[in-house]
Amino acid sequence: MPEPGMFSSIRAQIGRQEGLLSPCATISADALRRHNRVRDDIRTPYSRDADRIIHTRAYSRYIDKTQVFYLIENDHITHRVIHVQLVSRIARTIGRSLRLNEDLIEAIALGHDIGHIPYGHFGEKCLSRLCEQYGIGKFFHNVQSVHFLDRIEDCDLTLQVLDGILCHNGEAEDVRIRPEPCPGWLAFDKKVQDASGGTRPIRPATIEGCVVKFADTIAYIGRDLQDAREIGLIDEHTPLPEEATTVLGSSNSEIINTLIYDLLENSDTAGDNFISYSRETENALIALRRFSRRQIYDNERLTSEREKIERMYATLFATCLDDLEQERTSARIYTDFLRTGWISSRYLDTATPAELVRDYIAGMTDRYFGRRFRECVIPRRVDQRFG
């Protein structure tokens, strides 16, 4: 720790900086933690949360989690690690212009997709069906993000950051959002419980969470078009819907600029406290999403291997569950997950076997998932003689 005088000076400077924020912005004094196990330092609470997220094991696995094109070997398309950085940059640009708390925005953005699993949104559907089959309810990546950070790795993040992560998805319905305050941990835990049951938490508790929610769309909607062109799923001559390009433009950079400026012109963070697109931009986004769904996300060339992926999930889930039930302590779920030393003991004491398998699989990267599946189905060969 610095000398008391320097510490006080730094904290006073942070206070002066936060005094320049919008009256609707979330400040350090608002931060709520469950435990407060570590005393404060020169960082703001939300800056500390961003650091804690970056240092998690779950964050390190972003590097090999694909975004949309999960069966394409191409180093120039977007992976989760790039996507969350794009969301962070875009959201901070918006937040700075609206005089909001950039530290809170950064922490939410960096952690918002930690719960995503191998093979993107389709993998989420596969795992969700298995979770229901084994009696532990549906699977949602936003809930899993909170689960990893709050329960499995027990990072003791602030309520404001966890709430923003929980509420980041569902952006297709976003036109105008006003935050809905969350008064404390009991209310937040109820919000997580409702989300686990399928009730989508539309409104974050902070205006910064609302910004990240919009920035998520801004980060992917044009980038997915760029990636689709990169891999030849669509080409430069594939016409985009005119009602979209007339308003938004046709390149990723044009779309990002248009959406950011539209938000800044149509949001109010000084009085009524909301984030909003114009009606014209909303209609253009709807048209572009419809095009992307048809030409990219549901493209037969991208979806042709899905039955195999479903079987991979089913096989791996059943194998891991059997390893737990038979107490095969040399199995990967033990050596690579349960007995690694970085998982909360409270989590290990309370999770059911099916929940342990769910969380083990949810944390896998695409390549690790493939390696574990091959171990399940391909007999291990002995070279020359047993050791």
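Helices here (H or I, at least four residues) and strands (E, at least two) are DSSP runs, numbered from the N terminus. The structure is a predicted model, in which local features need pLDDT of at least 70 and side-chain atom pairs count only at pLDDT 80 or more, while totals for chains, interfaces and linings use all residues. Residues are numbered from 1 along each chain as its sequence is written, and side-chain values use heavy atoms, with hydrogens and water left out.

We can start with backbone geometry. Most residues other than glycine have a negative phi, and most peptide bonds are trans. Asp-154 is not a glycine, yet has a positive phi of about 45°. Asp-154 sits in the loop between H7 and helix H8 (159-166), and counts as buried at 16% relative accessibility (buried means under 20% relative accessible area, exposed over 50%, partly exposed in between, with a 1.4 Å probe and protein chains only). Arg-99 also carries a positive phi, near 60°, and is likewise a residue other than glycine. The loop between H4 and H5 holds Arg-99, which is partly exposed at 40% relative accessibility.

Next comes the interior. In soluble globular proteins, nonpolar side chains tend to be buried together. A nonpolar core is taken as a set of buried Ala, Val, Leu, Ile, Met, Phe, Trp, Tyr and Cys residues joined through side-chain atoms within 4.5 Å. The largest such core has 115 residues, and Ile-53, Tyr-313 and Ile-333 have the most contacts inside it. Helix H10 (residues 207-230) gives the most to this core, putting in 12 residues. For Ile-53, setting aside neighbours within four places in sequence, the residues in contact include Tyr-59, Ala-107, Leu-110, Gly-111 and Ile-114, along with Leu-149, Leu-157, Val-161 and Ile-165; contact means heavy atoms within 4.5 Å.

Leu-264 belongs to helix H12 (residues 252-266). With a relative accessible area of 24%, Leu-264 is partly exposed. Not counting residues up to four places away in sequence, Leu-264 touches Ile-94, Ser-97 and Leu-98. Ser-97 lies 167 residues from Leu-264 along the chain, but their C-alpha atoms are separated by 7.5 Å.

On to the charged pairs. Side chains of opposite charge can pair when their charged atoms come close. With a salt bridge defined as a side-chain nitrogen of Lys or Arg within 4 Å of a carboxyl oxygen of Asp or Glu, the count comes to 27 salt bridges. In one of these, the side chains of Arg-367 and Glu-73 meet at 3.6 Å, N to O. This pair links distant parts of the chain, 294 residues apart: Arg-367 is in helix H19 (residues 366-377), and Glu-73 is in the loop between helix H3 (57-60) and helix H4 (80-97). Arg-367 is partly exposed, with a relative accessible area of 48%, whereas Glu-73 counts as exposed at 71%.

Arg-92 and Glu-106 form another salt bridge, at 3.8 Å from N to O. Here Arg-92 comes from helix H4 and Glu-106 from helix H5 (residues 102-111), 14 residues apart. Arg-92 is partly exposed at 21% relative accessible area, and Glu-106 is partly exposed at 21% too. In the salt bridge of Asp-194 with Lys-190, the closest N and O atoms are 3.0 Å apart. Because Asp-194 and Lys-190 are four residues apart in helix H9, about one helical turn separates them. Salt bridges with shared partners also join Asp-41, Arg-43, Arg-48 and Asp-51 into one network.

The search ran on a 1 Å grid over the protein atoms alone: a cavity is a set of points where a 1.4 Å probe fits but cannot get out, and a pocket is an open set with protein on both sides within 12 Å along at least five of seven lines; lining residues have an atom within 4 Å of a point. Grid points are joined across faces, edges and corners, and a volume is the space filled by probe spheres set on the points. The second largest pocket holds about 540 Å³ of space. Its lining has 23 residues, with Val-143, His-147, Arg-151, Val-192 and Ser-196 nearest the centre. H7 gives the most to that lining, with six residues.
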